[in-house]
Amino acid sequence: MVPDHEAQIGPPGMELQPTNGDIKIKISPPEANQGKKMWLNDLSFKYNLVFWENSSNSQFGYFVQRVFVSVKRWSHFPVLEEESETSSVNDLLCATNLRVLGLNMEFHLHWDNQYEQPVSYNVQYLIGYLKRLNEDYSGKWVGVPGCGNVTGTRCNVSSAITTTGFYYLRVQARAGLNRSCLSTEVKVDPLRTNEIGPPGVKVDISDTLLHIQISPPGGPEGEVMRNNYVLSYRILYWRNSSSDEEEAKVKETKQTVATIPNLAPQTLYCVKAQAFSEAYNKSSVYSQEECIQTPGAKAFPLVILATFMAALFAVLLVALPLVFVLYQAYSKIKYVFFPSCQPPLNIEGFGGQLCTSPYLPTPEEPVENYSIIDSMITYEGNQMDCKDYKHSKQSSRDSGNYSNDDNTSGSKGSAETLGKETV
Amino acid sequence: MNAFGLIQIGLILLCTTIICNHQCNHLLLQQRKMIENSLQLLDKMGKNFPQRCLREKMSFRFPKQVLQPRQKETVRIAIEEIFQHIFYIFSKNLTLAAWDGTALDQFQNGLYQQIEQLEACVIKKHTHYCWSKEVSRLKLKKYFQKIDCFLKDKQHNLCSWEISRAEMRRCLQLIDKVTRKL
């Protein structure tokens, strides 16, 4: 014997409280105040509320899952408070036709106003699960921040609504000091009510590759929304040419970057994207179209030519000065180590002298005892050019050699030589 | 009943099954995310497990076989029942737990939404009946009864709540694993 299979569920308790023409019903679950329970979870009970008129045979039944039920008495049959269309038939003060619109998790409550005089509205919300508890939730309605004293017929309720669970919203209308009216409730399932906004699209091209950058809807604050929806993106791209009508191609991706290869050259391609959620079967509207032209095939040789010219120019820029420098170095070295031996015409045949570099030391020549008296060779200052200077050096050296043992006058580098020798 | 009538009934049943399966397939994707959120909220509502509560720790032994049956439908009903139990446990006597009220509200709200969605996903009467006779279902009931008794015995003090919270966390993680495999 399994007790759980054999046991029957006992009847619930019930209390009626008439209030202002309506009825408040409090249901007590079976085993309400017992310490040890067979049916542990009394929150999971559903109750069948049956109404009938004594005089007639008509019955009205409602299935409810909560223990506090408000019933409004209409002309023929009772109606549960939240299922009634209006709070009161004749009260124009009440806000009607409550509806919630959401875009990227920004929710706005809209309602209609039928009252001619000025009305002030106060929006309230109730966290959904409180209706499921065995407690009176009527005192648990909370005012939505920022919607406390509204004169229009809409209010931003985003501060109250998160992505988890349901919410109920209602509007309390106030006129003057005495009159107020509570509207009927509207149930909000945030992720289902919300509409996903379009993403942003940027395109870039390189060769035959099209790069697409998607900026997700909702911006940085939309991270929670995107997480809950598990957003993917659908990209549409097509050739925008007047000649051929081509069908748009589709690419789906979970990433925010995509690459499309193998594009035709010299063609205008257009792209647009939408965000969608497979889990909630929701998709956004398409983004703006972005178009871009692929580079043409003819441009390719031009590119090669341009690259070649640039390279050539660069090479020349480096090579020419290098060649010049090398040439200069060569001529200097040639002059120093391998000078040319052509004497000038006017002293041709003067003497077969050894052709040596003026900068290198020469072998000593046999010194002859000549003396020069009062030989003074002066050189005029800076008017010489370098060639003259070199020739004059030669002669000064010669003069130095003709002096006696004393070689002090024979300084190769001196500009002036004064030789006064006596032998 | 003529053949045409039978065909009509057959078609209706087929369509209903297809539609309901489609709904329930999407539901699975949604549920996965919701369970992730529930786990995050469960962490968020309190601080780290207090060291001093370690000595009061009890082993409750969650019946894992409840989440390993042959049919998808049965797993779905099992998960719905587990959510109902967790929802019930966290519904009252929370004063001494001193948890973050907003996180707790959101956690309960999320659970409630999941329960409603699972209920709305049409489940064949036959499966309900089969499930009600399952032995593992009774083990599940015993498991949650143990936790309820433990809380009552400790007068819902902080340690008993923290131990229960850790236990529920383990439970939800198991469900998370199972839903990812489904």
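Predicted model: local features only at pLDDT ≥ 70, side-chain atom pairs only at ≥ 80, totals over all residues.
Local features require pLDDT of at least 70 and side-chain atom pairs pLDDT 80 or more, whereas totals for chains, interfaces and linings use all residues. Residues are numbered from 1 along each chain as its sequence is written, chains are lettered from A in the order in which they are written, and side-chain values use heavy atoms, without hydrogens and water.

In chain B, the axes of helices α2 and α5 come within 11 Å and cross at roughly 10 degrees; axes are lines fitted to C-alpha atoms over the stretch in contact, with angles from 0 to 180 degrees between N-to-C directions. The two helices are therefore roughly parallel (angles under 35 degrees). Helices are DSSP runs of H or I with at least four residues, and strands are E runs of at least two, numbered from the N terminus.

| Helix | Residues | Contributors to the contact (heavy atoms within 4.5 Å) |
|---|---|---|
| α2(B) | 72-89 | Ala78(B), Glu81(B), Ile82(B), His85(B), Ile86(B), Tyr88(B), Ile89(B) |
| α5(B) | 135-153 | Arg137(B), Leu140(B), Phe144(B), Ile147(B), Asp148(B), Leu151(B) |

In chain A, Gln172(A) lies in strand β12 (residues 167-175) and is buried, with a relative accessible area of 14% (buried means under 20%, with a 1.4 Å probe and protein chains only). Beyond its neighbours within four places in sequence, Gln172(A) contacts residues including Tyr121(A), Gln124(A) and Cys181(A).

At the interface, 32 residues of chain B are in contact with 35 residues of chain A. The chains bury about 3000 Å² between them, 51% of it on carbon and sulfur atoms; this is the accessible area (1.4 Å probe) lost on being put together, summed over both. On the chain B side, Tyr88(B), Asn109(B) and Tyr112(B) lose the most area to chain A, together 19% of what that side buries.

How values were computed: Parallel < 35°, antiparallel > 145°, perpendicular 65-115°, else oblique. Buried < 20%, exposed > 50% of the residue type's maximum accessible area, 1.4 Å probe, protein only. Buried area = accessible area lost by both parts, 1.4 Å probe.
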